[in-house]
Amino acid sequence: MKIYTLPDSVVAKISAGEVIERPAYAVKELIENSIDARASTIDIQIEDAGLKQIIVQDNGEGMSEEDLKLSFLPHTTSKLDDEHDLIGIKTLGFRGEALASIAAISTLTIKTREKQNPAGYEITIRHGDIEHAGPVGTPPGTIVRVDTLFLSVPARKKFLKSAKTELRLITNVVTNFALSYPSLHFVLTHNGKTIFDLPGRENNLGRIKQLLGNSFFEELLPVALEDGFIQISGFIGRPQSALKNNARQFVFVNQRTVTDRMIQTAVKEAFGSLLPSSSTPIFILEITVPPEIVDVNVHPRKEQISFTNAQEIFAAVKQAVSESLQENNLTFKLAKFRTENSARLGETTSFSGELLKSAVLPWDRSEKIAIKPSERLMQIHQTYIFVPTLEGLGLIDQHAAHERILFEEFVTTFVKKKKDQQAYELNKPLTFDLSLSESQILEEFDQIFTELGFTIDHFQGSTFIIRTAPAVFKGRNLEKIIKDMLVDMAEGELPTIDLRTERMLAFLSCRAAVKAGDVLTERQMKDIIKRLEKTANNATCPHGRPTRIQISIAELDKLFKR
Ligand code: ADP
Ligand code: MG
């Protein structure tokens with residue numbers, strides 16, 4: 001074996017592979033260049049999912065002849081200088097790699113003209129070598145044409161997915177730009193067919209509707225927060241629109257599309273018990289922070305970033321989402337953990353902030369169940385309550401509804417330290433044994449247990465004794481409930497005390513609530529409905545399942561084709 005230095009052309013191909021792994025990434029880099037050149041219109045034409053041809057035409061600043069001749073060489077950029085180094089990057093590009101990478105693995109033609117010049121200049125590079133250069137008539141701006149991408153790297157080509165998939169990925173890339181830059185005109189065509197043509201607008205509402213679909217749009221609630229140096233605006237989806245994956249999560253940090261686990265987690269945490277742990281909310285969030293606190297240079301395609309103030313960003317995102325859920329009466333906030341130091345919605349000037357302030361949301365829907373007086377209620381399969389309502393009919397999941405009622409009562413008891421919680425004394429104090437970790441959890445939540453009406457004392461060794469319990473647990477198997485709860489709490493560590501508290505309260509309310517299969521009297525059914533209406537967050541149970549479904553007469557008529 002002998003070590004030797006790789007020829008430049010091979011090195012170029014290897015590094016090109018990192019940035020331009022597939023056609024969509026070439027499209028992304030070219031659009032970034034157009035945006036950095038302050039274009040207002042970007043026209044993207046794709047042939048055969050980008051493998052045959054990609055054209056990105058912009059009306060931006062263009063390049064001089066000298067700059068054009070440098071632009072496709074490795075590590076040439078007009079966007080970084082020594083002084084600023086890699087701190088506080090305001091442009092989308094900065095690595096000076098994209099054009100060089102594309103040039104190494106395609107036939108690249110760039111036509112460009114600065115506005116003040118009467119003519120432009122054109123250059124063609126074939127697999128890294130200049131094939132042609134000279135003056136050309138071309139409109140102000142830049143046209144980049146990429147022919148036969150990957151022709152010289154058959155190994156790479158083998159890894160590409162089907163043309164349909166590659167086209168979808170290209171469409172996703174352009175969609176992201178269209179969402180984060182609503183003021184720019186984007187046109188995307190494939191094999192001569194227009195996929196979309198979006199004229200510049202003041203905000204991205206219309207684009208969300210058009211690009212992500214009307215049903216997506218209707219599920220959205222605005223989010224807006226300004227807190228010191230952080231500004232957050234955008235939309236979150238109602239709990240029922242949550243998905244099993246993050247396909248509908250859009251995060252733009254300083255208008256750059258990023259995938260950020262921390263932000264995803266912050267949103268998910270804010271939803272708390274509104275969502276089951278297996279699903280994840282949909283959202284579009286635009287986060288604006290000073291460029292100095294974001295490091296965009298942690299990923300070759302600039303898709304991931306890191307923040308110097310990650311914790312503050314996390315808290316701000318969580319708070320912004322919580323506030324929106326609260327404003328829309330979907331969730332509570334444990335007052336105890338609330339921070340009061342941020343600017344409230346009233347002060348924000350973003351578009352979604354304006355929407356939030358205006359009294360009527362375009363998608364506001366009231367979901368109150370109004371029982372038709374004098375009508376009888378019915379229990380179906382000892383699981384659902386059938387309710388004739390003023391508008392049609394309602395169905396209530398007796399367990400989910402009761403669970404939410406109890407959960408909110410527990411939360412109120414705990415947060416407001418309401419002293420009048422009804423407890424009952426056990427006829428015969430109950431003793432039970434706990435493992436070390438279970439007893440530690442019990443200790444950790446000692447105060448909450450006490451506040452809820454439990455009296456649990458350490459007896460001796462690993463034995464504990466229960467003397468009193470909340471009235472709602474009368475007749476239930478207390479030992480099993482408490483033990484199950486401690487096991488549940490021991491599983492999958494939750495990061496914060498309020499999440500753990502919430503989980504515990506959710507567990508207790510689940511165990512105390514009437515079950516599917518419990519026979520209810522008319523009075524009990526009425527009681528559940530009445531209390532549910534007065535309960536906060538009453539659309540779902542603490543695990544995120546709906547508590548009730550309503551069908552209007554109009555919807556029934558439609559079903560029966562009247
Ligand atoms: P980077 O964007 O990281 O600087 P690129 O290889 O993408 O690196 O581009 C190199 C340089 O070419 C840019 O810094 C810019 O000066 C110039 N350039 C590329 N595309 C355009 C364009 N569409 N309009 C104007 N200048 C461009
Ligand atoms: Mg670039």
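Select helix 6 (163-180), which contributes 8 residues to the lining of the second largest pocket, the most of any element; helices (H or I, at least four residues) and strands (E, at least two) are DSSP runs numbered from the N terminus. The model is predicted: local features need pLDDT of at least 70, side-chain atom pairs count only at pLDDT 80 or more, and totals for chains, interfaces and linings use all residues. Residues are numbered from 1 along each chain as its sequence is written, and side-chain values use heavy atoms, with hydrogens and water left out.

Next, show the pocket itself, which holds about 950 Å³ of space. A pocket is an open set of points on a 1 Å grid over the protein atoms alone, where a 1.4 Å probe fits, with protein on both sides within 12 Å along at least five of seven lines; lining residues have an atom within 4 Å of a point. Of its 34 lining residues, Asn172, Val173, Asn176, Phe250 and Thr257 are the closest to the centre. By class, the lining has 14 nonpolar, 11 polar and 9 charged residues; Asp, Glu, Lys and Arg count as charged, Ala, Val, Leu, Ile, Met, Phe, Trp, Tyr, Cys and Pro as nonpolar, and the others, Gly among them, as polar.

Now select helix 9 (residues 261-271) and helix 10 (residues 310-327), whose axes (lines fitted to C-alpha atoms over the stretch in contact) lie 8 Å apart at an angle of about 35°. Their contact (heavy atoms within 4.5 Å) includes Met262 and Phe271 of helix 9 and Ala310 and Leu325 of helix 10.

Finally, colour by pLDDT, the predictor's confidence in each residue, from 0 to 100. The protein averages 81. Confidence is highest in strand 2 (residues 53-58), at 98, and lowest in helix 11 (residues 351-357), at a mean of 47.

Definitions and conventions: Chains lettered and ligands numbered in written order. Points joined across faces, edges and corners; volume = space filled by probe spheres on them. Axes fitted to C-alpha atoms, helices over the stretch in contact; angles between N-to-C directions.
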